[in-house]
Amino acid sequence: MLDVRDLSIAYQGSIAALRGVSLTVPEGAIVALVGNNGAGKTTLLRAVSQNLRRHRGRITQGEIRFEGQALTGADPEEPFRHGVVQVPEGRRIFGTLTVEENLRLAAAAAGRSRGRGAIQRVYELFPVLADRRRQRGLLLSGGEQQMLAIGRALAAAPRLLMLDEPTLGLAPQTADRVMAAIRRLNADGMAVLLVEQNAALALSIARHAYVLELGGVSLEGPGERLREDPEVRRLYLGGS
Ligand code: ATP
């Protein structure tokens, strides 16, 4: 579904942030991208979302294809039109608007046919948002804000959902709920590209995972296998 081939990216005035990264998200799969701060995870998502220019980054080599078609970077709306939707890092929601207004705006932006029924599905997935539908975004807990941020992306009926650190700063129980929601969405057929610093969580749900180190893929394999890999355990899972 998504094919990233030999991708290198540089930001203005700095050295390469990605160096020859290749990655595939097959139809219906959860693929995880793990690695330390600064490894290049966010940069890869920005490249797929065609969001590099805003951050003064550019592709210096390689290409990104979605369902066989090259994303050229000429049109920032192109990935969204194809159904590639990203939940941004840092839960960007409208704090002064209610939960329902946040979702309605997102559904409207996605257009009638895609947005229809989406809000109800978000409420089914996250019942707590239905309970809080008239509450302003800024009064939600961190976990609820993250659910709303994911809900806003879902209102656009993605075919490929990309998430950047969805469990950052959440209590373990809330993080588990977010992961369970991602699993359910995937069971309904949605492909997922998940960026996580919490490697244990990410590898527990990923069919396939990539470890990024200093802008390059240092390891890849089925999530389960990487979980057992001694090097991964030592570096990312706090084990020996
Ligand atoms: P984090 O979890 O901290 O976001 P990451 O793995 O997502 O880490 P990136 O944010 O993609 O890593 O950063 C990769 C490299 O690119 C880092 O060296 C970072 O300093 C650099 N970088 C990121 N954004 C910019 C920018 N707008 N301008 C210049 N350099 C940047």
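Is Asp-6 buried, partly exposed or exposed? Select Asp-6 to find out. At 39% relative accessibility, Asp-6 counts as partly exposed, because partly exposed covers the range between under 20% for buried and over 50% for exposed. Keep in mind throughout that this is a predicted model.

**Stop 1: Asp-6 and its strand**

Stay on Asp-6. This residue lies in strand E1. Check its backbone angles. Asp-6 has a positive phi of about 55 degrees, although it is not a glycine.

Now select the whole of E1, residues 2–11, together with strand E4, residues 57–66. The two run antiparallel, joined by 8 bridges. Pick out two of the pairs. Arg-5 has Glu-63 as its bridge partner in E4. Ala-10 stands opposite Arg-58 in E4.

**Stop 2**

Strand E5 is residues 69–70. E4 and E5 pair over 2 bridges in the antiparallel sense. Arg-65 finds its bridge partner in E5 at Ala-70.

**Stop 3: the enclosed strand**

Select strand E3, residues 30–34. How many of its 5 residues are buried? The count is 5 of the 5, so E3 is largely enclosed by the rest of the structure. Colour the two faces separately. Ile-30, Ala-32 and Val-34 are buried on one side. Val-31 and Leu-33 are buried on the other.

Next, show the strands that pair with E3. Strand E8, residues 191–196, runs parallel to E3 and is joined to it by 5 bridges. Leu-33 stands opposite Val-195 in E8. Strand E9, residues 208–213, also runs parallel to E3, through 4 bridges. Here Val-34 has Val-211 as its bridge partner.

**Stop 4: the ligand**

The shell holds 16 residues, and Gly-38, Gly-40, Lys-41, Thr-42 and Thr-43 come nearest. By class, the shell has 3 nonpolar, 9 polar and 4 charged residues. Which helix gives the most to this shell? Helix H1, residues 41–48, does, with 4 residues.

Begin with Asn-37: one of its polar side-chain atoms lies 2.9 Å from an oxygen atom of the ligand. Go on to Gly-38, where a backbone N or O atom lies 2.7 Å from an oxygen atom of the ligand. Finish with Arg-46, which has a polar side-chain atom 3.3 Å from a nitrogen atom of the ligand. On its own, the ligand has 620 Å² of accessible area, and the protein covers 66% of it.

**Stop 5: helix H7**

Select helix H7, residues 142–154.

Now show its side chains. H7 is mostly covered, with 12 of its 13 residues buried. Among the buried residues are Met-147, Leu-148 and Ile-150.

**Stop 6: the loops on either side of H7**

Step into the loop between helix H6 (127–131) and H7, where Leu-139 is found. Buried or exposed? Leu-139 counts as exposed, because its relative accessibility is 56%. Leu-139 and Leu-105 are 34 residues apart along the chain, and 18 Å separates their C-alpha atoms.

Then go to the loop between H7 and strand E7 (160–164), where Ala-157 lies. Phi of Ala-157 is near 45 degrees, a positive value in a residue other than glycine. With a relative accessible area of 26%, Ala-157 is partly exposed.

Conventions:
Residues are numbered from 1 along each chain as its sequence is written. This is a predicted model: local features need pLDDT of at least 70, side-chain atom pairs count only at pLDDT 80 or more; totals for chains, interfaces and linings use all residues. Side-chain values use heavy atoms; hydrogens and water are left out. A residue is near a molecule or strand if one of its heavy atoms lies within 4 Å of it. A polar contact is a pair of N or O atoms within 3.5 Å; within protein, one must be able to donate a hydrogen and the other to accept it, and residues adjacent in sequence count only if both atoms are side-chain atoms. Accessible areas come from the Shrake-Rupley method with a 1.4 Å probe; for residues, only the protein chains shown count as cover. Ala, Val, Leu, Ile, Met, Phe, Trp, Tyr, Cys and Pro count as nonpolar, Asp, Glu, Lys and Arg as charged, and the others, Gly among them, as polar. Buried means under 20% relative accessible area, exposed over 50%, partly exposed in between (1.4 Å probe, protein chains only). Two strands pair if DSSP finds at least two bridges between them. The expected span of a helix is 1.5 Å times one less than its number of residues.
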